[in-house]
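Colleague: I have a model open and would like to go through it with you. Can you put it up on the screen?

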Amino acid sequence: DTSASLAALQTALQGSLQGLANQMRQSQALQGAALVGREVWIGGDALTVRDGAARGSFDLRNAADAVTVDVLTPSGHVLDRIDLGARSTGRVEFAWNVPEGSEGDGLKYRVRATAGATNVPADLYASDLVNAVSTGSDGLVLQLMRSGATPLDRVKVFN
């Protein structure tokens, strides 16, 4: 009977696809395990303080002849301004030495970049550490130290 043969073929095909999906999830989990303990950069304006230095990163969408970074308190007051001069398109990392005896918790930053009189947009990144990895229906999910559960597709840079 043709309909019985088609139903059996459909069942076998569904089983094969399910098996392939399970293998892909297992492979993703194994690859994701290699990320545990690594630094990643996700969208955000938080500065990461390590060894007395606050670090940040951003991408300039176009070249700029003047780039400054404002280091901000958690409430948004400017603590310091870093002059980075002219920069080309792409990723820029910077560090700011936290003054002795100061708290580095909750520091943020903003970028001001111009080419002549035109503002140059910048995409800001915050550093975080991968504590664990899990797989879900939407793929790989990273458990980040500060940001919690974060889908892999939100990660902009792996270090």
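Modeller: Here is one detail to begin with: Arg91 counts as partly exposed, because its relative accessibility is 33%. Bear in mind throughout that this is a predicted model.

Colleague: Which side chain does Arg91 meet in a salt bridge?

Modeller: That of Glu93, with 3.0 Å from N to O. Glu93 is partly exposed as well, since its relative accessible area is 41%.

Colleague: Which residues do salt bridges with shared partners join into one network?

Modeller: Asp70, Arg81, Arg110 and Arg112.

Colleague: And how many salt bridges does the structure hold?

Modeller: Seven. One of them links Arg55 and Glu39, whose closest N and O atoms are 3.1 Å apart. Arg55 sits in strand E3 and Glu39 in strand E1, so this pair ties together parts separated by 16 residues in sequence.

Colleague: Are Arg55 and Glu39 buried or exposed?

Modeller: Both are buried.

Colleague: What about Asp123, which residue does it form a salt bridge with?

Modeller: Arg61, with the closest N and O atoms 2.7 Å apart. Asp123 belongs to strand E9, while Arg61 is in the loop between E3 and E4, so the pair connects parts 62 residues apart in sequence. Asp123 has a relative accessible area of 28%, so it is partly exposed. Arg61 falls in the partly exposed class too, because its relative accessibility is 48%.

Colleague: Let's step back. How many helices and strands does the protein have?

Modeller: One helix and 12 strands.

Colleague: What share of the residues counts as buried?

Modeller: 31% of the 159 residues. The protein exposes about 9400 Å², and carbon and sulfur atoms supply 51% of that area.

Colleague: What share of the contacts with a separation of 6 or more comes from residues 24 or more positions apart?

Modeller: 66%.

Colleague: On to packing. Which residues touch the most other members of the largest nonpolar core?

Modeller: Phe58, Val67, Val69, Leu84 and Phe94, out of 19 residues in that core. Five strands supply at least two core residues each: E3 (53-60), E4 (64-72), E5 (78-87), E6 (90-97) and E7 (108-115). The largest share is that of E4, with four residues.

Colleague: What is Phe94 in contact with, leaving aside neighbours within four places in sequence?

Modeller: The list includes Leu47, Phe58, Val69, Ile82, Leu84 and Tyr109. Arg55, the partner of Glu39 in the salt bridge, is also in contact with Phe94.

Colleague: Which residues does the second core include?

Modeller: Leu35, Val40, Val130 and Val155 are among its seven residues, and this core is separate.

Colleague: Back to E1. Why is it described as largely enclosed by the rest of the structure?

Modeller: E1 covers residues 39-43, and four of those five residues are buried, so the rest of the structure largely encloses the strand.

Colleague: Which strands pair with it?

Modeller: E9 is joined to E1 by five bridges, and the two run antiparallel. In that pairing Gly43 stands opposite Tyr125. E1 also pairs with E12 (residues 155-158) in the antiparallel sense, over three bridges. There, Trp41 stands opposite Val157.

Colleague: Is Ser127 buried or exposed?

Modeller: Buried, because its relative accessibility is 1%. Ser127 lies in E9, which covers residues 122-136. Not counting residues up to four places away in sequence, Ser127 touches Glu39, Val40, Trp41, Thr48, Arg50 and Arg146.

Colleague: Last one. Where is Thr150, and what does its side chain reach?

Modeller: Thr150 is in strand E11, residues 148-151. Its side chain reaches the backbone oxygen of Gly148 at 3.1 Å. Thr150 is buried, as its relative accessible area is 0%. Beyond neighbours within four places in sequence, Thr150 is in contact with Ile42, Val141, Leu142 and Leu144.

Conventions: Residues numbered from 1 in each chain as written. Predicted model: local features only at pLDDT ≥ 70, side-chain atom pairs only at ≥ 80, totals over all residues. Heavy atoms only, no water. Buried < 20%, exposed > 50% of the residue type's maximum accessible area, 1.4 Å probe, protein only. Contact = heavy atoms within 4.5 Å. Areas by Shrake-Rupley, 256 points an atom, 1.4 Å probe, with all protein chains shown as cover. Core = buried A, V, L, I, M, F, W, Y, C linked by side-chain atoms within 4.5 Å. Pairing = 2+ DSSP bridges. Polar contact = N/O pair within 3.5 Å; in protein donor to acceptor, adjacent residues only side chain to side chain. Salt bridge = Lys/Arg side-chain N within 4 Å of Asp/Glu carboxyl O.
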